[in-house]
Structure formats: structure tokens, C-alpha cells
Amino acid sequence: MSELTLYLAPGTCAMAVRIALVEAGAPHQIKQLDLAAGEQRSPEYLAINPKGRVPALVTEHGVLTETPALLLYVAQRFPTAKLAPLQDFFLLARMQEVNLFLAATLHISHAHGRRGSRWADDEHAIAAMKAKMPQNMRDGFAEIENHYLVGPWVLGEQFSLADIYLFVVASWLKSDGVAIDEFPKVAAHSRRMLARSAVQQALAI
């Protein structure tokens, strides 16, 4: 089996893919990009991922981007790790529902506090997005707390990719001006994740 190469930056959503690869026992190497130095916009990296963002996963079949897609790829390529309920259509869809909510709603809310210039040129509009960001994160995590954390894991008793992705996005709350303890289930979930040896290994880069 060919080794995979994951391009990432610590503190980004790409860490979810790193954790999934370690959980799966997948042979891979990592290449860290210094986002502050603009390495994601270098000609060398743009040749790999023209979006100029992380993550990017280099496989023998080509390059994949976008966190939910990479996570599902890992689960399907390494099915014995049981990172997704691949044979249960409903639970698989529920897992994807949560992952896409994290990607399309919470990640965007988080980005409004840092990269508002992606969506607006007006300084007042950018400032308004930044000011609104903490409340948007609270509202999104209230959905997680009240509707999606139905057990120790997102899918109840079954650990899945949704837990990995949720853990990474929840780690942004403090820098977004939101205390994770406002959401007791989410906080307990993060503690359970930190106790996993694969998570500890993945974060030690």
C-alpha cells in the first residue's frame, strides 16, 4: 500500500485528517506548512493544491482536498479501523450531516473572525463579521450540545470521524472568545478525545 502524504498546519482543520490517519494506522508522512510565512501560496504548494489552503492529501491516484472528503477517504480506505459506519446508511448520513455542519457553518463562522476579507472589502462589514463571530460559534455549538452529542460520541456508543472533526473545531473556541465549559457535553467530549492515544500521537508534531 502506497504511503500517503498529508499537507497540514497545526491548529487548522487539517489536524482532523492527521488524527484520522493515526487512528486508522495508515502509513503516511506529514508536511507542515507555515501559514504565517505564506507557504500555502508558494508556487510549489499551489501546484499541489491550487486553492492554497490545507489540508491536501497526496494519494497514488491524485490529490484530494476538503476535510470531510479526506476523512471519508481514510475511513473507506482503511475500513478495519471502523472510523465510519459504512454499512449503516442512516448512521453514515448522520455522521456526514455533523461533518458538513462543522465545515459549512462552524468553520465559516470561525473564519469570519479572522479572514473576513474573503467575503467583503468594506472595513465596517469585516468588523461586523468579526464582532458577530463569537455569537455564531455559540449558536452552532448549542446545536452540537443539544442535538448531536447523544452519547459519549456523536453517534452514541460508536466512535467515528465526526468525533475527530468535532474535537478539532471545538479546540478553536477559546481563541474565538468562547469558553468550552459553556457546553458541558462538548467539554467532556474533548476530554475523552484527549485521552485517546492516537489523538495524543497525532497532536505531537
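Glu-97 is partly exposed, with 33% relative accessible area. Arg-94 is also in view here: it counts as partly exposed at 29% relative accessibility. The model is a predicted one. In it, the side chains of Glu-97 and Arg-94 form a salt bridge, with N to O at 2.6 Å. Both residues sit in helix H4, three residues apart, so about one helical turn separates them. Side chains of opposite charge can pair when their charged atoms come close.

How many salt bridges does the structure hold? The count is six.

Take Asp-176 and Arg-114. Their closest N and O atoms lie 2.6 Å apart, in a salt bridge. Arg-114 is partly exposed, at 37%.

Next comes Glu-23 with Arg-196. Their side chains meet in a salt bridge of 2.8 Å, N to O. Here too, distant parts of the chain are linked: the two residues are 173 apart. Glu-23 lies in helix H1 (residues 14-24). Arg-196 lies in the loop between helix H7 (184-194) and helix H8 (197-203). Glu-23 has a relative accessible area of 18%, so it is buried. Arg-196, at 24% relative accessibility, counts as partly exposed.

Helix H1 leads on to the strands. E1, H1 and E2 make a β-α-β unit, and the unit is right-handed. Strand E2 covers residues 28-32 and runs parallel to E1, with five bridges joining the two. Within this pairing, Thr-5 stands opposite Gln-29 in E2. E1 also pairs with strand E3 (residues 56-59). That pairing is antiparallel and has three bridges. Leu-6 stands opposite Leu-57 in E3.

Why is E1 described as largely enclosed by the rest of the structure? Strand E1 spans residues 4-8, and five of its five residues are buried, so the strand is largely enclosed. The cover reaches both faces. Leu-4, Leu-6 and Leu-8 are buried on one side. Thr-5 and Tyr-7 are buried on the other.

Now turn to empty space. Rolling a probe the size of a water molecule over the atoms shows where such space is left. The largest pocket has a volume of about 600 Å³. It is lined by 26 residues. Which of them are closest to its centre? They are Cys-13, Arg-53, Val-54, His-107 and Arg-118. Two elements give two or more residues to the lining: helix H3 (67-77) and helix H4 (89-112). The largest share comes from H4, with five residues. Helix H4 is also the element that holds the pair Glu-97 and Arg-94.

How values were computed
Residues are numbered from 1 along each chain as its sequence is written. This is a predicted model: local features need pLDDT of at least 70, side-chain atom pairs count only at pLDDT 80 or more; totals for chains, interfaces and linings use all residues. Side-chain values use heavy atoms; hydrogens and water are left out. On a 1 Å grid over the protein atoms alone, a cavity is a set of points where a 1.4 Å probe fits but cannot get out, and a pocket is an open set with protein on both sides within 12 Å along at least five of seven lines; lining residues have an atom within 4 Å of a point. Grid points are joined across faces, edges and corners, and a volume is the space filled by probe spheres set on the points. Helices (H or I, at least four residues) and strands (E, at least two) are DSSP runs, numbered from the N terminus. A salt bridge is a side-chain nitrogen of Lys or Arg within 4 Å of a carboxyl oxygen of Asp or Glu. Buried means under 20% relative accessible area, exposed over 50%, partly exposed in between (1.4 Å probe, protein chains only). Two strands pair if DSSP finds at least two bridges between them. A crossover is right-handed if, with the strands pointing away from the viewer, the path from the first strand over the helix to the second runs clockwise.
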